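This briefing is for a reader who is new to the structure.

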Amino acid sequence: MKITRMAALIAATGLAVSGCSGGASGGGGTTIRISANSVKGGKNSSGAEWITDYVIPKFTAMEKAKGKKVTVRFEGTGVDDAPYKQKTALDLKTGGGADLINIDGIWVGEFAQAGYVKPLNEVVGAQVDRWDGLQQIPGPVQNIMAFDGKKYGLPSGTDGRVVFYNKQLFAKAGLPADWQPKSWDDILAAGRKLKSLNGVTPIQLNAGTAMTEATTMQGVLPLLVGTGHEIYENGRWLGDTAPIRSVLDLYRQVYTSGLGDPRLQQNPQGRDESFQRFSKNKVGILLESDYFWRSVVNPKGGIDPMPDRDKDVGYTLIPAQSPGKGIRAQNAVSMSGGSGWVINPHTRNASLVWDLLSFMGSHDAVKDEVQRSAVGISPRQDVNAELLGGDPLLNFISTKVLPITDVRPGLAAYPQVSTALQKATGDVVAGDSVDKAVKTYQQNLTQAVGGAGHVTTG
Amino acid sequence: MAHQTAQRSLAGDVPGGGDRRQGLAFVVPALLLVTVFLILPALWTLYLGLTDYRLTGVQAAHPKVVGTANYTHALGDKDFRDALGRTLLFVLGSAIIGQNVLGFLLAWTLRSARRWARALVETLVLLAWILPGVVVAWLWIAFLKDQGGTLNAILHTPGRDWWFDHPMGSLIVFNVWRGTAFSMMLFTAALSSVPPSQLESARLAGASGWQQLRDVVLPGIRGHILTNTLLISLWTFNDFTPYLITKGEPHGASAVLPVYIYLTALPGERLGFASAISLIMLVINLLLALAYIRILRRRA
Amino acid sequence: MSPVQVVRRIGFYVFVALVTAFFALPMLWLVTAPFTRNPTLSVSWPDFTLGNFKHLTDDPNALPSLYNSAVLSLWTMLITVAAAALAAYALSRVRVPGRDGILYLLLLLSSVITGTSAMVPIFQLMFKLHLLDKDIGVILVMTGGLLPAAIFILKDFMDTMPKSYEESARVFGANSFQVLGHVVLPNVRPGLATIAVWAMVNVWGNFLMPFLLYRTPEKQPAAVTLNNFYTEGGQPNLALISTFSLLYSIPVVIMFLFVSRRYGFRFHGGIKA
């Protein structure tokens, strides 16, 4: 008796659920689903607003004008990158998921190797290469969504890393307002002057595993390209080598001589706290991406707003270890990342989805996206030239940083390599010698990439 | 022989006076749900533990069976063994001792307490238990924070970084706070099932409070103590909340096993490796469970 | 009052005061931060703004997600309690060889095989059963995970119940369901209430499974919403996090009180079996 009643209840729920889950197509029209890690009122709110308030109404109107009934649904979440990646991978693996999906550029390689995504011109056809928008997107930026020389998607934005410094503290320490360090030593020298100020952490150079990718992207890798090397060179990963050792040695110098605060690197909220300290004039020098400028110290809507940001926050290029020592013999270096859109290979409406995607990458749409601050630096040069003039830092990055920048290798082993690098810096900060830290790193790296054959040593 | 015994006792004890089918019918819904939604995925997970499966990359498309490589790698890893040691300390300190003792103490003393005192304490203790994990993590980050944390404000120790200086101690105190409610509830329920007549006759025989406790109450609820200790140990052993608070910092000093899995298997989504460690954890849990049963049987 | 009694009384109140402080103090932040304009992680006297609550409504799914969580929790709780009660009763009264061993093993499985390691199997299973993006899918997965512990706890309660009660009911011709419904269950109400609350609390706090198994944003429960209040760079928005945390916590407390009252588990006045 009880069992049957329970079964009836279960069945009732099932009915109710399937009743409200809404069919894929209503009234003969086509439904397209977009998925991104942004949500109204939460993470990347303006990105979600751009899609729901601009892209969807405009696109459906355009299609309607062509006599087609199209419904576009936005499936947004605003969670951490790791679960979003897991969900997206599971979706693509089983053949489900949205038609148009936003992913981090660094996942493209892993997803391609797993067969989750396919090159755009395989999914859509040759019309991709004929799209006029491509001429506006510089090659390096197109490569954010490329793997093995093939385009898997269109980039939706990029970024760049610079050295930020607090001009008030610099003035107090007798340092110039338009500071331009030429080498790592210049940074250390400025740090030593800042050290004389009471209660000030001279340098924040992200380290350790608690900061996750922020340690790698705003610490190890920009330093490494400053030694003239990339983490993945000639088909091998950089192991126990001179460049890795000199990067770790810089960490040692910063964190054993009182120039940096080791505790902050081992604090689970260390990055948040370093931002807070910077905004309260307690950190002198900080290596970060334009995100810091747009979303942290921004007087309008930043999480640690600085009312006089444009006056108090200085920025300069990241110097190579010494002049000319950077990759491609550069004096200054940077790292960039970015995300973009891929089309689900299982979509039933590939060419319609491409119409939507190319609309989203059109001049007007991207312009609206930038105006809503849904993206910092857009992939389109025409839009950047029109709009970024209003923001000195974004303009600086788009004109001075992007030409000298570098990107991470988009391989499945990268996340583990990145963790090994984070651990190595954490070891040094916790007091290990560079020699010991680099040996542990070599072990972890070998294990991560599947054998010593994939590692450069010596 | 064993079969016969089973038959006989079945015939004697089944609800409905020997109708074995009816007994089976009672178990079917649970059995079905557990088989499909727990055992099946579990077996699948155990199989993944023998492969180099990842969520993405080449190994996602073509996972290879690597046999016991995941296991030898985990067991040979010093970080793993350190994490195991920390986990055992965590279980011993916060569950077996902390939650058990405080939970029983609360259940015992509040029995005869005034209504308001009882309501106040029980509400707070239960609140700590029913608040969602993410919320609780924020509360304890704020509570023990070095700059402006509540505890430092009360103790007048500004700048004291509890999570940094005593990561495991702080975690243990946190978990006692978090989980004591379950023990309190279970013991309260258990104590109410001890017939008052037994306590009454013990008291009439001149037994003190402690003697009543030792001779009447504890033996009466031995089964509940076993159940409680086992459950809270398992839950504590597999608790992920420490990650939400400390992320294993400083420098791995608070990395208990679930945190270790997260930190080592998640970069690159090495699900094969994660599954292997899960099985190792299962075996350790099994050993813990067997140890309890042993100890409690011997006492009996 | 004798001196011993006085000392006891004082000792009792000191104990109550200490326990109260220990359990209450960490919760202060949850009460102050939501009403503070730019809250940090320290507890300070709030400047009483309701702006944070208003901000929450910028996410149109934030508040409805609380309702979704309630639906998920209630259904999972009902199915878990029903299935566990039936199974626990049968297992408590039937001697199957190896019964305890199997129960232990299931219990271990359910506490270890969760989250990350079982992610792929569970997702693929749900995909094949066409249960993705459906409430019932999430409910069944959760139930499967909760059942072993629920059966385990309930069986304990039923084991301690004297069999004479049931036997006398049988004498009057009651069948097994009647015995269970009229005799056994009323006697293990504290156990049922414990399981009910425990199951709801578990579902309410679970993030990963609903996040992975739902597609439609409107269906996501509150645990997922709470994870939305971070910036693109991973920095927490403490104003929204604390405010939503408060809203997220209140329904659990209310559900708890409701269950306590409705099913006789009077946690304000203690348990009367």
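At what angle do helix H6 (residues 115-130) of chain B and helix H10 (residues 167-192) of chain B pack? The angle is about 115°, and the axes of H6(B) and H10(B) lie 7 Å apart. This is a predicted model, in which local features need pLDDT of at least 70, side-chain atom pairs count only at pLDDT 80 or more, and totals for chains, interfaces and linings use all residues. Residues are numbered from 1 along each chain as its sequence is written, and chains are lettered from A and ligands numbered from 1 in the order in which they are written.

**The helix pair in chain B**

- Axes are lines fitted to C-alpha atoms, for helices over the stretch in contact, and angles run from 0 to 180 degrees between N-to-C directions.
- Helices (H or I, at least four residues) and strands (E, at least two) are DSSP runs, numbered from the N terminus.
- H6(B) and H10(B) cross in a left-handed way, a term for a near helix turned anticlockwise from the far one by less than a right angle, with right-handed used if clockwise.
- On the H6(B) side, Val125(B), Leu126(B), Ala128(B) and Trp129(B) take part; the residues they meet in H10(B) include Trp177(B), Arg178(B) and Phe182(B).
- Two residues are in contact if their C-beta atoms, placed from the backbone, lie within 7 Å.
- The contact of H6(B) with H10(B) has 8 nonpolar, 2 polar and 1 charged residues.
- In these classes, Ala, Val, Leu, Ile, Met, Phe, Trp, Tyr, Cys and Pro count as nonpolar, Asp, Glu, Lys and Arg as charged, and the others, Gly among them, as polar.

**Contacts between chains**

- Between chain C and chain B, the contact takes 87 residues from chain C and 83 residues from chain B.
- Helix H7 (residues 135-159) of chain C gives the largest share of the chain C side, 13 residues.
- That side of chain C is made up of 59 nonpolar, 22 polar and 6 charged residues.
- Chain A puts 26 residues in contact with 22 residues of chain B.
- On the side of chain A that touches chain B, the largest share is from H20(A), with 5 residues.

**Thr94(A)**

- Thr94(A) belongs to helix H3 (residues 81-94) of chain A.
- Leaving aside neighbours within four places in sequence, Thr94(A) is in contact with Gln124(C) and Phe127(C).
- His346(A) is 252 residues from Thr94(A) along the chain, and their C-alpha atoms are separated by 9.7 Å.

**Domains**

- Domain bounds come from an automatic or database domain assignment.
- Chain A has domain 1 (32-151 + 338-407) and domain 2 (161-335 + 410-456), with their C-alpha centres separated by 29 Å.
- The contact between them takes 20 residues from domain 1 of chain A and 19 residues from domain 2 of chain A.
- H19(A) gives the most to the domain 1 side of chain A, with 7 residues.
- Chain C has domain 1 (3-49) and domain 2 (58-262), and their C-alpha centres lie 30 Å apart.
- Their contact takes 6 residues from domain 1 of chain C and 7 residues from domain 2 of chain C.
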